[in-house]
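Colleague: Hi! Could you walk me through this model in plain words?
Modeller: Happy to, here it is.
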Amino acid sequence: MVTVSDTKVTWLTQDAYDRLKKELDELIENRPVIAAKINASREEGDLRENGGYHAAREEQGQAEARIRHLQELLRTAKVGEAPPNDGIAEPGMVLTIRYEGDDEVEEFLLATREEGGGGDIEVYSPESPLGKALLGASEGESREYELPNGSKQKVTLLKAVPYSG
């Protein structure tokens, strides 16, 4: 049984919410176009050997799945402001990190895929092992997290700034 408290809340900036709502509206508007493709392909004859029909049905299935996903996401989303520029790692921040024993730095957005979608920057979930380890860290602070192979990895937060899209 699923209760309301089991529903996962996704925090989105107003920009991300608007972008996802626009995508949802476009997908819904495109439903008749896909249905017309299916009908046109169906009229071509034997459905078992009709590649156009099967491709249109696949496209319809993917579009409907995305529509359902976006509807649920937007229904449970909490829209808020970007996080403050206080140097603390939290969702909506671009983090610059250095792994222990490595001279190179890595930069990524700590957010859900939907929040960071469409950008050029890598997105790491706050639910990922690295995301969980860094949540609440201040600039200069080192944290440790477990890798999939069971070993530990130490990482230092060098910089945390709000994502500007």
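Modeller: One term before we start: when I say two residues meet or are in contact, I mean that they have heavy atoms within 4.5 Å. Also keep in mind that this is a predicted model.
Colleague: Got it. How many helices and strands are there in the chain?
Modeller: The chain has 5 helices and 7 strands. Starting at the N terminus, the elements run β-α-α-α-β-β-β-α-β-α-β-β.
Colleague: And what percentage of the residues count as buried?
Modeller: 31% of the 165 residues count as buried. As for contacts with a separation of 6 or more, 53% of them come from residues 24 or more positions apart.
Colleague: Let's look at helix H1. Which of the residues in H1 are buried?
Modeller: Ala16, Leu20, Leu24 and Leu27 are the buried ones in H1. Looking down the axis of H1, these buried residues fall within an arc of 70°, so they line one face of the helix.
Colleague: What does the face of H1 turned away from that buried side carry?
Modeller: That face has the exposed residues Asp15, Lys22 and Glu29.
Colleague: How far apart are the end C-alpha atoms of H1?
Modeller: They are 22 Å apart, and this agrees with the 22 Å that 16 residues should span at 1.5 Å a residue.
Colleague: Now, how do H1 and H3 pack?
Modeller: H1, residues 14-29, packs with H3 at an angle of about 145°, and their axes are 10 Å apart. The crossing in which H1 passes H3 is left-handed.
Colleague: Which residues meet there?
Modeller: From H1 there are Tyr17, Leu20, Lys21, Glu23, Leu24, Leu27 and Ile28, and they meet Ala63, Arg66, Ile67, Leu70, Gln71, Leu73 and Leu74 in H3. By type, the residues of this contact divide into 10 nonpolar, 1 polar and 3 charged.
Colleague: What about H3 itself, which residues are buried in H3?
Modeller: The buried residues of H3 are Tyr53, Ala56, Ala63, Ile67, Leu70, Leu73, Leu74 and Thr76. H3 has 26 residues and reaches 38 Å from its first C-alpha to its last, close to the 38 Å expected at 1.5 Å a residue.
Colleague: Switching to H2, which are the buried residues there?
Modeller: In H2 they are Ile34, Ile38 and Ser41. Seen down the axis of H2, they fall within an arc of 70°, so they line one face of the helix.
Colleague: What do those buried residues pack against?
Modeller: They pack against helix H3, residues 51-76.
Colleague: Great, thanks!

Technical notes: Residues are numbered from 1 along each chain as its sequence is written. This is a predicted model: local features need pLDDT of at least 70, side-chain atom pairs count only at pLDDT 80 or more; totals for chains, interfaces and linings use all residues. Side-chain values use heavy atoms; hydrogens and water are left out. Buried means under 20% relative accessible area, exposed over 50%, partly exposed in between (1.4 Å probe, protein chains only). Helices (H or I, at least four residues) and strands (E, at least two) are DSSP runs, numbered from the N terminus. The arc is that of the directions from the helix axis to the C-beta atoms. Axes are lines fitted to C-alpha atoms, for helices over the stretch in contact, and angles run from 0 to 180 degrees between N-to-C directions. A crossing is left-handed if the near helix is turned anticlockwise from the far one by less than a right angle, and right-handed if clockwise. Ala, Val, Leu, Ile, Met, Phe, Trp, Tyr, Cys and Pro count as nonpolar, Asp, Glu, Lys and Arg as charged, and the others, Gly among them, as polar. The expected span of a helix is 1.5 Å times one less than its number of residues.
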